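Student: I would like to learn how to read a protein model. Please take the features one by one.

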Amino acid sequence: MPILLKNAIYIDPKSLEFKSSHIKVEEKTNGKISFHSEMPEKNKLKNYEIIDCTGMLVTKSLAIAHHHAYSALARGMPPPKKAPNNFLEILKYIWWNIDKKLDKDMIKASALVTALACAKNGVTFVIDHHASPNYINNSLEIIAEAFDEVGISHLLCYEISDRDGKEIAEKGLAETKFYLKNNQGLVGLHASFTVNDRTMKKAADLMNKFDSGIHIHVAEALMDETDCERKYGKRVIERLNDFALLDSSKSILAHCIHLNDNERKIVEQSKAYIVQNTESNLNNKVGFFNCRGLGNNILIGTDGMHSDILRSSKAAFFVGQEFDNITYLSAYERLRNVHKYLRLNDFKGDEENNLVVIDYDTPTEINSDNFLGHYIFGLESKQFRHVISSGHLIIKDYKIQTVEENEILAFSKIQGNRLFSRLIS
């Protein structure tokens, strides 16, 4: 059913211009919105759902540029059998231990919980990076179906890696090939230090065959660089560049913390996009993102920490006061650059009819001149009263409309307990 947002104050996501208007929202994945100074006649609204937005703000919904839905069941998990002392041990004893334990139902629960959290946080599009080495076949389709059920558009990939041996790497390549035949997606790689030349060449071939891009972790920790120099006599970005993985505007490089000046120059001159993940970097104690010399193609992700990308963008701003060259405006631009990335590469699901209605009871005036100050210090995801995805109302009065939340949470608790049992066995 099409929607009419009555008495809305629309904020243009690019210009930040404020406009008082009634807004018609079309259905469909590629739907449009239209603005009306006068309320349309009642007979023209017979099939519309009318939402009174008096005193509320309406703007484009949000998107997450780097997520890990598979980590959704990690909350409250048992501690690892050995306390990690460095980044590699964090991966080995925590994340690689979790992803090996995932099965079909756990993947489904993780995806449903993530999609639900995204909807509640005003996120209608997710770029996700999945790993489940012992349940690879059809894993991306499971995630896609769960996201679709909730109403979240997506760009998925499987995390191809040699860390579990050649057979698992081949399965990751096969899952990627199978999924990309019928779906928009990316070619996922874990990181340079777990991908050998043979696998990277095959991933590059898949990227070219399907006119896709690479989605990979880059220099998240310094050991990624030292490993690359030891094995290949070059830095990570130089290695990826030699495989022409940076030639596509669809390619995504997550983290990029420990790049040297030459790598930064290569990235700036490439077509690739970078995703910073501030809270995850803090949690893993790997360092701090700095945009110096990287250009403007910078996005923001949550790296599986949570699904509140507004919170992540603020973390990038506050941490960046000490370690990065970031302002109110550039923090907002990084939050919104994901829409530019999706539009440039003709990915579907992030069109005009993805909106949030914000019930923001501000103690001071908000307008186009001071919006950025409100964005940093006032706006919060809990104020997203209604969320519209591809023209469909998926959150109404803060409640999910597309699925039964209690059923999803009950299912996820069962799967979480199963996962916890496997982690301690």
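This is a predicted model: local features need pLDDT of at least 70, side-chain atom pairs count only at pLDDT 80 or more; totals for chains, interfaces and linings use all residues.

Tutor: Residues are numbered from 1 along each chain as its sequence is written, and side-chain values use heavy atoms, with hydrogens and water left out.

Student: How many helices and strands does the protein have?

Tutor: Helices (H or I, at least four residues) and strands (E, at least two) are DSSP runs, numbered from the N terminus. Here there are 13 helices and 17 strands.

Student: What does the radius of gyration say about the protein?

Tutor: The radius is taken over C-alpha atoms, and the globule rule is 2.2 Å times the number of residues to the power 0.38. For 425 residues a compact globule would come near 22 Å, and the protein's 21 Å agrees with that. Of the 425 residues, 58% are buried (under 20% relative accessible area, 1.4 Å probe, protein chains only).

Student: Which residues of helix α6 are buried?

Tutor: An α-helix has 3.6 residues a turn, so residues three or four places apart point the same way. In α6 (residues 222-232), the buried ones are Asp224, Glu225, Asp227 and Cys228. They fall within an arc of 165 degrees seen down the helix axis, so they line one face of α6; the arc is that of the directions from the axis to the C-beta atoms.

Student: What do the buried residues of α6 pack against?

Tutor: Their partners are β9 (187-191), β10 (214-218), α7 (236-242) and α8 (261-269), where contact means heavy atoms within 4.5 Å. Just after α6, Gly233 has a positive phi of about 70 degrees.

Student: What is the volume of the largest pocket?

Tutor: Rolling a probe the size of a water molecule over the atoms shows where empty space is left. On a 1 Å grid over the protein atoms alone, using a 1.4 Å probe, a pocket is an open set of points with protein on both sides within 12 Å along at least five of seven lines, and lining residues have an atom within 4 Å of a point. Here the largest pocket has about 1,100 Å³, the volume being the space filled by probe spheres set on the points, which are joined across faces, edges and corners. Its lining has 43 residues, with Ser71, Ala72, Ala74, Arg75 and Gly304 nearest the centre. α13 gives the most to this lining, seven residues.

Student: Which element gives the most to the second largest pocket?

Tutor: That is α11, with nine residues of the lining.

Note on methods:
Buried means under 20% relative accessible area, exposed over 50%, partly exposed in between (1.4 Å probe, protein chains only).
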